Every structure is written in C-alpha cells, then in structure tokens.
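Me: I would like to learn how to read a protein structure. Can we take one feature at a time?

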Amino acid sequence: MKTLLLRLLLVCAGMAAAFVAPANAAVEININRGNVQPLPIAITDFISADGIGAQISAVVEADLKRSGLFAPVNRAAFIEKIQNPDQAPRFPDWTALKAEALVVGRIVREPDGRLRAEFRLWDTFGGQQMTGQQFFTDPKNWRRVAHMIADAIYERITGEKGYFDTRVVFVSESGPKTDRKRQLAIMDQDGENIRMLTNSNDIVLTPRFSPSRQEITYMSFEGQQPRVYLLQLETGAREVVGNFPGMTFAPRFSPDGQRVIMSLQQDGNANIYTMDLRSRTTTRLTNTAAIDTSPSYSPDGSQIVFESDRGGRQQLYVMGADGSGQRRISFGDGSYSTPVWSPRGDLIAFTKQSGGRFSIGVMKTDGSGERILTTGFHNEGPTWAPNGRVLMFFRQNAGAGGPQLYSIDLTGYNEQLVKTPSFASDPAWSPLME
C-alpha cells in the first residue's frame, strides 16, 4: 500500500548475481502430500544497531513455524554467530544441527528514517544461496517487513505464494453472553495489530474483504434496520450499499470487486441477488420458496456456490454467475452451510452439521472428494488464506464463554488457536497486501 510507504526492491546491481537462486537447489517442500514433515530451518537474529533485527527475525520464525511446514532450530544450539550476512556462512556448523536452510539478515536505519531490511536464504547442504531480497519501510511497519520476508522464504521453498502479509477482519465479541457487544475488528493474520473498525452497540455480521481494494462489506443492524455497508479501511469512510425492504444476509464481493452478492429475505423466503456497485442496479439470481443464502463466487467469477434448504435441509448448490444451471453438489449425511470457493478454484470449504457436531471440510467443486478437516462442538464460518492452502474458522467449545478463531491447513494436521483479546467469530481473510 502506497500510504504505508512500503515497497519491495531488488538489491543493487553489484549484489544481484549473488541473489539468483540456483536451478538445482535441493531444499524444497512438497506441500501436495498429506502430513508434510516440517523442514528444519535456522533463523538467526538479524544484525541491527538496536533490538529491531531480533524482533523482525522472531516474527519471521513464528510465521514459518505456525505454517506447520517449517521446524525452526533452537537458537541456543547455534554454533556460528553470524557477523556479516553478506558472507557465506560456515555450512558445516549448520548441517551439524541438521538445519537444511539458513536465514540471515541485516536491518539498517536509513538517513531519511526508513528501515532497510535485507535477508538471504541459504541451502546449507548444497552450500548455495537460494534467494535474497531487501525491503524499505517506515519503522512503524516493521512487522509487515517480517511477514513479507516470511512470504518470500515460504514461496522459494514450497513453490507456492505465501500468506503471511495479510490481514483478517472479524467480529470481536465482549461482555456477558446475555448482553454481548459485537464490533468489527481487523488484525494481522497472526493476531497482532488488532484495531476496532466500529464502536457502537449495533449488531454487526459477516464482514468480507474486497479482492481488489482495501475495503470491506458487512451487515449491520444500525438503527434497528438491517443494511449492507461498504467500509474503506484506509479512510474509515462508510456508505450504505442499499436499502432493501427485507432482511439482508451474507454480502460478499465478486472477484473483480465491482459487485456485491447477497441474500435478501422477502415474504419468508430468501433469494440471492447481485448489485453492481457503480450503477447500484440489482439482479435476482434465484427464485424459490426456500432459503437461499451464503453465496460465494468462483475465482474467475463464472460460477456461484450457495446453500439452500429447497430440498428439505441445508445443502450446497452451484449455479452460473447469471443464475443458470442450478444444481446440488452435497449429498453426505447432515446439513451443509457457509460454502466458500477456494482462491485456487479447485475446492469449496463448508460447515457441516451431523450427529450433533459441527465440522469444517472441503470438497471438489462438483461435490466429490469430501474431506472433513476438523470436528467439534460448534465449528463454523471457514475463510481461505489467499494461497488456498490454509483455512481460518471460529469455534465455540461446550461450556466455554465464547467463540475463538482457529486456523488449519488442508492436511487437517496443523490446527492452531489464533489468539485475540476478546471472543471472536466470523473471520474473513484478506488478499495479499500491496
């Protein structure tokens, strides 16, 4: 984002040759296999005149470890103390620790006050540098630099885009269960830098990110009237998408960010509509005596998945973007809800209720290959990381005070609590920041 004064630069021409990744680098992770064995990686404290280098490298380490794909080596075991990150390390000192990759770096404060962050990623057994980059930023954005470095390392080793330089918008819940205050909040994907986006006693629901702008859409009962709003994250400016005669549910952006798709309730039924955000014209896509809701576009915008009880209980359906070809895709036991199309286009995530338990699962876009990733007392509301490899959702445990956020990858083996100061529900993951 230009307003954050953050840009990624290649290193100067004199160093560029050293930063070219070798074609035969052996360090890689095949993330298409289930239960991936984490890669041992050593991440040193980045050299700096103050403690900022250690802080940045600690965030890089935490990001990579939380992904479940990397196993950082205990720093207390390090043999070599890196003095100059521009020089090749003593590789035997790192292979002795079974570290297959090594990250070194430097943080420098420029005369204009900005931070310059440099890092190098080494293949310790191959004795070669895999990549190296540098970033410039305002000091207040140092955590973003750490996330961008973690993304670069993740991408170089896995071959997939990272997801660490992202944010999550969610509903923050506080107060007693009988009188709970719900506010919109936003945070970094690791739970840091939380700030509130709304501050009222009005109920807010279903926040969703725009794929193309720093903007969210959400539903609010402000003035006891359910409305869909657009909120600009940079300026705080807010506008009503439209005033509709009935209840409005589950607004979500189209992939190009030019439309909002939602469910409108009239006469006891709920059908799916789209609204063009430029002309504010509305188009009806379903017309049934049922409850059709929770629509989500495919990444190319050609199809829509939604939930409907037209067959007697909640199931998942897919249709063309114009409402044509509506067909059921879920046929397992139980009820299906909150479908979300993967950014990769290959899977649909969902909530499934069966046998008094709630599960988060995925299926192929034709309904085949259903896999349950996690099951609990009450799990709901999956949202995809922008690389389509990780999901976040919220969970209410039996007897617990309120919902909490969790993340899990597609293997189902790396479930983790995302800590927030208060209870939290209904997360929505942002695209990679720019």
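Me: Leaving aside its neighbours within four places in sequence, which residues is aspartate 93 in contact with?

Reply: Contact means heavy atoms within 4.5 Å. Here, with those neighbours set aside, aspartate 93 touches Ile79 and Glu80. Before going on: this is a predicted model, where local features need pLDDT of at least 70, side-chain atom pairs count only at pLDDT 80 or more, and totals for chains, interfaces and linings use all residues. Residues are numbered from 1 along each chain as its sequence is written, and side-chain values use heavy atoms, with hydrogens and water left out.

Me: In which helix is aspartate 93 found, and is the residue buried or exposed?

Reply: Helices (H or I, at least four residues) and strands (E, at least two) are DSSP runs, numbered from the N terminus. Aspartate 93 lies in helix H3, residues 91–95. Buried means under 20% relative accessible area, exposed over 50%, and partly exposed in between, with a 1.4 Å probe and protein chains only. Aspartate 93 has 15%, so it is buried.

Me: With which side chain does the side chain of aspartate 93 make a polar contact?

Reply: A polar contact is a pair of N or O atoms within 3.5 Å; within protein, one must be able to donate a hydrogen and the other to accept it, and residues adjacent in sequence count only if both atoms are side-chain atoms. For aspartate 93 the partner is the side chain of arginine 90, at 2.7 Å.

Me: How should I read helix H4, and how many of its residues are buried?

Reply: The expected span of a helix is 1.5 Å times one less than its number of residues. H4 (residues 142–158) has 17 residues and reaches 24 Å from first C-alpha to last, close to the 24 Å expected. H4 is mostly covered, with 15 of its 17 residues buried. Glycine 159 follows H4 and has a positive phi, near 80°.

Me: In what order do the 4 strands of the open sheet come?

Reply: Two strands pair if DSSP finds at least two bridges between them. The order is S18-S19-S20-S21, with antiparallel pairing. Strands S18 (292–297) and S21 (327–328) are at the edges with a single partner strand each, so one side of each has no neighbour in the sheet. Between S19 (residues 303–308) and S20 (residues 315–320) there are 6 bridges. Glutamine 303, for one, has glycine 320 in S20 as its bridge partner.

Me: How many helices and strands does the protein chain have?

Reply: The protein chain has 4 helices and 30 strands. Of its 434 residues, 54% count as buried.
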